[in-house]
Amino acid sequence: MTFDIFLQHLTNGISLGSLYALIAIGYTMVYGILRLINFAHGDIFMMATYFGFFGVMTFGIPWYIVFPLVLVLTALLGMGVEATAYRPLRDAPKISILISAIGASFLLENLTTVLFGGVPKPFPTPEVFTDVVQVGTVSIQKLTFYIPVVTGICLAGLLYLINRTKTGMAMRAVSRDHETARVMGVNVDRTISLTFGIGSLLAAVGGIMWGMKFPQIAPLMGVMPGLKCFIAAVIGGIGNIGGAVVGGFILGIGEIMLVAFLPTLTGYRDAFAFVLLIVILLYKPTGIMGEKIAEKV
Amino acid sequence: MLKKRILTAVALLVLLLFLIYADHFLDIYVVRILNVCAIYAILGLSMNLVNGFTGLFSLGHAGFMAVGAYTTALLTMPEATKQQIFYMAPLIKPLDTLTLPFPLALVLGGILAAFAGYLIGAPALRLKGDYLAIATLGFGEIIRVIFTNTQSLTNGALGLKGIPAITNLYWSFGTGLVTLVILLSLINSSYGRALKAIREDEIAAESMGINLAKHKSLSFVVGAFFAGIGGGLLGNLLGTIDPKMFTFIFTYNILLIIVLGGMGSFTGTIISAFIFTIANEVLRFLDERIDLGFVAFDGKVGLRAVVFSALLMLVVIFYRHGLMGTNEFSWDGFLKHPWWKKWLPRPKRPLPGGGSNS
C-alpha cells in the first residue's frame, strides 16, 4: 500500500468518523439526561433523509431551503417521539422504557416502508458537494472535507450551548438529578424535550451528509448506523460529548482501515463495531472517557 | 393434590386428542400455523427465562436460534441435498456425509446454541441494563455476519434449502411441553428463587450470598439452549433457512410476545405466542387489497408490521404488565375464581427488571 492510498483511506475514515461522531452525540445527550438508549435515534436519522428527498425531489424546492427545513422537521419529530414513547413512561421501570423505545423504532421503520415503499431511493445530492478535487495524486470528493468541518461547527455550537447558556445549565442539572433540578425551578419535561430536539437536529445534519456520501436511502438504512453510533458513544464513554466524538472517529477510521488492510475481512465489516465494543467494555466498562459511577443501593 | 394430577392428566389427554385430530383432519395451512405457535411459545419461554425471570435485558435471541437452526438442519439433511446446494464451496468434512436422527440433531443444536450462549455470557453478563442489551444485540448480529460469510459451513447468504420437513405437531408441541416442564421446575427450585432475587435487586441478592455470575450464566445458557431447540424445530418446519431470517426483527417479535404475555409469566408467554402467531395470520388481510363492495382499500405491504409495532408501544405504555403480569396458571386459581380474573391488569405489582439499579 502506497502512502497516497493510505491517505485516501484516512480521509475517508475521518469523514465517516465525523458522521458517526455527529450521530453519536445525539445518543450521548439523550443517554446523559434520561439514562436510556434512544433506539429510535437511527430511525430519526433515516426520516431526515426522507424529508430531504421529498423536499427536493417531490416539491422541487432548492436544497439550500430544504436542508434547514429538514433540520427543523427532524427536531420536531424527535420531540414528538419523546412525547409519545418516552414521557408517559418517565417513572416506569427501565425495561419498559427500553421496550417502548424499540417499539418506536420499529414503528418509524414500518411506517416509512408502508408510506414510501421499501425500494431504495436516490438522495438528491447537490453537485456543489460531489465535485472532486485533486490533492497531489489523491482525488477526493469535496464532501469528504465538508463533513468534518460541519461536524466541528455543530460540536462547537453544542458545547457553547451546554456550557455557556442557561438552557445548557438546565440540561446539565437535569442529567444529574431530575428531582433536585425540579425543586430548583427547572422545567424538567421541557428540558428533556429540548435535548431530544437538539439530538435529533444533529441526527438530521448527519442524515443529510450521510445521504450525500452514500446516495441511497431506504427505510432500514438507520438501523446499522444507529447501532454503530450508539456503540461509538459507549466506547467513548456514554454521556460524555467529547467521548462520543472520540468513539465516532475510532469506529469510522477503524472500520475503513480494517477493510483497507484486510480485504478478506470485508464481509465482517459490520461486526467490527460490536467486537470493539465488547473488548472495550471488558477492560473499561464505562468507556474511554467515561467516569466511574458508583452503584446505588 | 390428586385432584390436580387428574386434571393435569385430563388436560394433557385433551391436548393429545386435539393434536391427533388436527394432524389428521385440519388443513395443512392451519397445522403449519399451530406448529409455528408452539415453536414461538418455546422461543418465548426461553427468552422470558432470561429477560422476565432474571431481569437480564438480552437481545441476542435470534443469534442462538440461528445456531440451533443451522446445526439441526445440517445434521439432518441427506448427503445428496448437501452436495446439490453447496455448489459455491463444498461443505466441510465430516458434515458433508453425516446424517443424524432428528432428536439427536435437535439436542446437538441446542447444546451448540447453549455453548454460544456460554461464550457470549461469560463476558457480556458483567454488563448491566442497556450495556447488556446492546452487547447481546451485537453478538446476535456477529453470529449472523459470521453465518453470512462462512460459505463452506453455512452456504453463506444463499442459505440452506431442502431441509427435511420433520417437524410436525407432535414434535413441536411435545418439545414445547418438555421445555415448559423443565423451565417450570427450574423456576420453582432454589435456582429459580435466586434468579427472581437477581431480577428484583441485584445488589441485595448479591449481599444475600447469591453468586451473580453463576446464576446469570445459568439462566443465559438455559435460555440459549431452548432458543437453539426452537430454531432447530423452525428450520426443519420451514425447509429453508438463510442468515437474513435471523435479524433483530425476529428477536423483536419474540420480545413482543413476552411483553404482551407478561414478563415473568410462562402462562402469559404461551397464551400470547398463540395470540401473536394467529393474529399475524389473521391480520394478513392488512397487507392485501381490502374490498368492501362499495369501497376498496389497497392494502399496503408492511401494514401488519406497523400494527404490531404500535401494539407493542400501546401495551408497554397502557398495559404494562401484559396479560398475566407475573402470575401463572394454576388449577386452584382456575377452580376457585373465574379464570378470566387473572387476566385483568394488576397495577400494584412491580414489573420485573425494575428495582433500584435503574
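Predicted model: local features only at pLDDT ≥ 70, side-chain atom pairs only at ≥ 80, totals over all residues.
Residues are numbered from 1 along each chain as its sequence is written, chains are lettered from A and ligands numbered from 1 in the order in which they are written, and side-chain values use heavy atoms, with hydrogens and water left out.

In terms of contact (heavy atoms within 4.5 Å), 45 residues of chain B meet 44 residues of chain A. About 4000 Å² is buried between the two chains, with carbon and sulfur atoms giving 79% of that area; buried area is the accessible area (1.4 Å probe) that two parts lose on being put together, summed over both. On the chain B side, B:Asp130, B:Tyr131 and B:Ile134 lose the most area to chain A, together 17% of what that side buries.

## What chain B brings to the contact

Which elements give two or more residues to the side of chain B that touches chain A? They are helix H6 (129-149), H12 and helix H14 (303-318) of chain B, where helices are DSSP runs (H or I, at least four residues) numbered from the N terminus. H6(B) gives the most, with 12 residues. By class, this side has 30 nonpolar, 9 polar and 6 charged residues; Ala, Val, Leu, Ile, Met, Phe, Trp, Tyr, Cys and Pro count as nonpolar, Asp, Glu, Lys and Arg as charged, and the others, Gly among them, as polar.

## Helix H12 of chain B

H12(B) covers residues 248-261, and its 14 residues reach 20 Å from first to last C-alpha, close to the 20 Å expected at 1.5 Å a residue. The expected span is 1.5 Å times one less than the number of residues. Because 13 of its 14 residues are buried, H12(B) is largely enclosed by the rest of the structure; buried means under 20% relative accessible area, exposed over 50%, and partly exposed in between (1.4 Å probe, protein chains only). Just after this helix, B:Gly262 takes a positive phi of about 115°.

## Salt bridges within the chains

Over all chains, the whole structure holds 10 salt bridges. In chain B, B:Arg199 pairs with B:Glu200, their closest N and O atoms 3.1 Å apart. B:Arg199 is buried at 10% relative accessible area, whereas B:Glu200 is partly exposed at 37%. Elsewhere, shared partners join A:Glu82, A:Arg87, A:Arg90 and A:Asp189 into one network. Within it, A:Arg90 bridges to A:Glu82 at 2.3 Å between the closest N and O atoms, and A:Glu82 is buried at 0%.

Notes
Salt bridge = Lys/Arg side-chain N within 4 Å of Asp/Glu carboxyl O.
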